[in-house]
Amino acid sequence: MQISRTTRRNILGLVFIYAIMASVAITLNGRLFGHPYGTPTTTGDDTEVVAGSVVVNTTEMGKDIEGYGGAVPVEIYLTDLKIDSIVLLPNMETAPFVDRVKESGLLESWNGKSITEALKAPVDAVSGATYTSTAIISNVRLGLESVKPAEIQEATAAEEETDHQRYVNDSLKYIIAIIVALCAAILPIWIHNKVYRIIQQVLNVAVIGFWSGSFINHTMMINFMSNGLGLKFTYMGVMTLLLLIVGFIYPLFGRHRHYCAWVCPLGGLQDLAGLLNPHHKIKVSPNVANVMNWIRRLIWATLIVFLWFGVATTWIDYELFSAFIVESASPWVLGGAGLVVILSIWMPRPYCRLLCPTGTMMHCAEGSTK
């Protein structure tokens with residue numbers, strides 16, 4: 001069977017983006033799909049004695065415990081089996097999430113407790129930074145369990161019940177988000193109806209965006225390239241895989257920009273705002289649109305170079321998708337998202353057309369020149 005020129009271009013585009021994001025993952029995290037490259041992040045034992053204190057490093061033992069952007073290791077300092085302090089180690093979590101955790105006092109909430117007290121004490125996740133704080137809590141518990149004296153065998157039923165309830169709630173959230181994303185991935189292939197499109201976009205914004213906080217962006221891509229989906233089944237992993245299939249595999253079968261048009265919650269929010277003013281839109285000529293397209297590509301290429309060289313890497317924290325996680329989004333991100341929504345009343349999808357680095361990455365993966 002002969003492969004068409006368009007398909008070959010799409011495959012080359014996908015390989016090109018894969019190579020770029022793989023190199024960024026190795027540069028920033030030293031890992032590709034969970035396999036370490038370069039200098040190992042840890043050497044020696046996970047537990048060591050420093051100046052009479054026991055120091056537990058969870059980098060290795062907690063490598064499969066991920067927050068929003070990847071692993072969230074900690075160091076636990078213990079004296080006489082009591083916690084002196086807990087230090088958050090370098091990670092790929094977005095800055096607003098980390099700041100929210102630090103401001104909440106979560107890291108200090110274990111100070112002064114014995115191992116038994118710390119393991120039994122119910123600790124809630126931080127609102128607005130649920131993934132990051134949950135990963136930190138799991139790392140602390142894992143680290144404490146690793147040094148728990150043999151005589152301490154008391155059950156931690158309350159904490160286990162809390163973890164179970166959190167797992168049930170998160171599972172339900174992602175199951176519903178997966179159903180909505182599946183509808184967006186499949187139904188538009190056969191259904192061409194304006195009313196359905198509006199309903200689907202409302203669901204995308206409400207469920208995929210604001211409720212589950214699921215979307216393709218550079219933070220998600222770097223996490224995926226660094227850690228893969230992991231070996232254990234999670235609904236969050238299923239959601240990630242589904243989004244990546246729609247975003248990067250669909251174009252190989254002729255469904256170009258299906259993710260941007262039908263799944264992306266930010267794209268849907270812009271379209272819904274545009275319904276407020278359907279007849280008075282700013283029209284852009286093809287020549288201007290072409291210039292805008294190349295400006296977007298230049299901006300994206302510059303930002304990728306920043307990631308390669310470790311310069312101004314925090315730009316990934318300011319992609320407007322994170323505005324859906326309202327409680328932990330930067331004021332600049334919320335303000336930018338609000339401005340985009342307002343502009344969408346007069347211009348179709350201004351963020352997508354003028355800036356969106358993730359959209360540019362996906363269009364390059366399609367081998368697109370438009």
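1. A quick definition before anything else: buried means under 20% relative accessible area, exposed means over 50%, and partly exposed is what falls in between (1.4 Å probe, protein chains only). Helices (H or I, at least four residues) and strands (E, at least two) are DSSP runs, numbered from the N terminus. With that in hand, look at helix H10 (residues 265-274), which is mostly covered, with 9 of its 10 residues buried.

2. Some ground rules. This is a predicted model, where local features need pLDDT of at least 70 and side-chain atom pairs count only at pLDDT 80 or more, while totals for chains, interfaces and linings use all residues. Residues are numbered from 1 along each chain as its sequence is written, and side-chain values use heavy atoms, with hydrogens and water left out.

3. Now the overall picture. The chain has 14 helices and 6 strands, and of its 370 residues 48% are buried. Counting a contact as heavy atoms within 4.5 Å, 72% of the contacts between residues at least 6 apart in sequence join residues at least 24 apart.

4. On to the core. A nonpolar core here is a set of buried Ala, Val, Leu, Ile, Met, Phe, Trp, Tyr and Cys residues joined through side-chain atoms within 4.5 Å. The largest one holds 89 residues, and those with the most contacts inside it are Met21, Trp110, Ile136, Leu144, Ile216, Phe248 and Tyr259. Helix H5 (residues 157-186) gives the most to this core, with 7 residues. If you click on Ile216, then beyond its neighbours within four places in sequence you'll find contacts that include Leu243, Leu244, Phe248, Tyr259, Phe321 and Met362.

5. The aromatics deserve a look. Rings of Phe, Tyr and Trp (its six-membered ring) pair if their centres lie within 6.5 Å, with planes under 30 degrees apart called stacked, over 60 edge-to-face and the rest tilted. The whole structure has 7 such pairs. Phe215 and Phe321 count as stacked because their ring centres are 5.8 Å apart and their planes sit at 25°. Phe215 is in the loop between helix H6 (194-211) and helix H7 (218-227), and Phe321 is in the loop between helix H11 (286-309) and H12, 106 residues apart. Phe321 also pairs edge-to-face with Tyr351, at 6.3 Å centre to centre and 80° between the planes. Both Phe321 and Tyr351 are buried. Phe210, Phe215, Phe321, Phe324 and Tyr351 make one aromatic cluster.

6. The charged end of Arg197 is 4.6 Å from the centre of the Trp262 ring, and Arg297 lies over the face of Trp294 at 5.2 Å from the ring centre.

7. Most residues other than glycine have a negative phi. Arg257, in the loop between helix H8 (235-249) and helix H9 (258-263), has a positive phi of about 55°. Arg257 is partly exposed at 29% relative accessible area. Arg349 has a positive phi near 45°, and at 13% relative accessibility Arg349 is buried.

Definitions and conventions
Lys NZ or Arg CZ within 6 Å of the ring centre and 35° of its normal.
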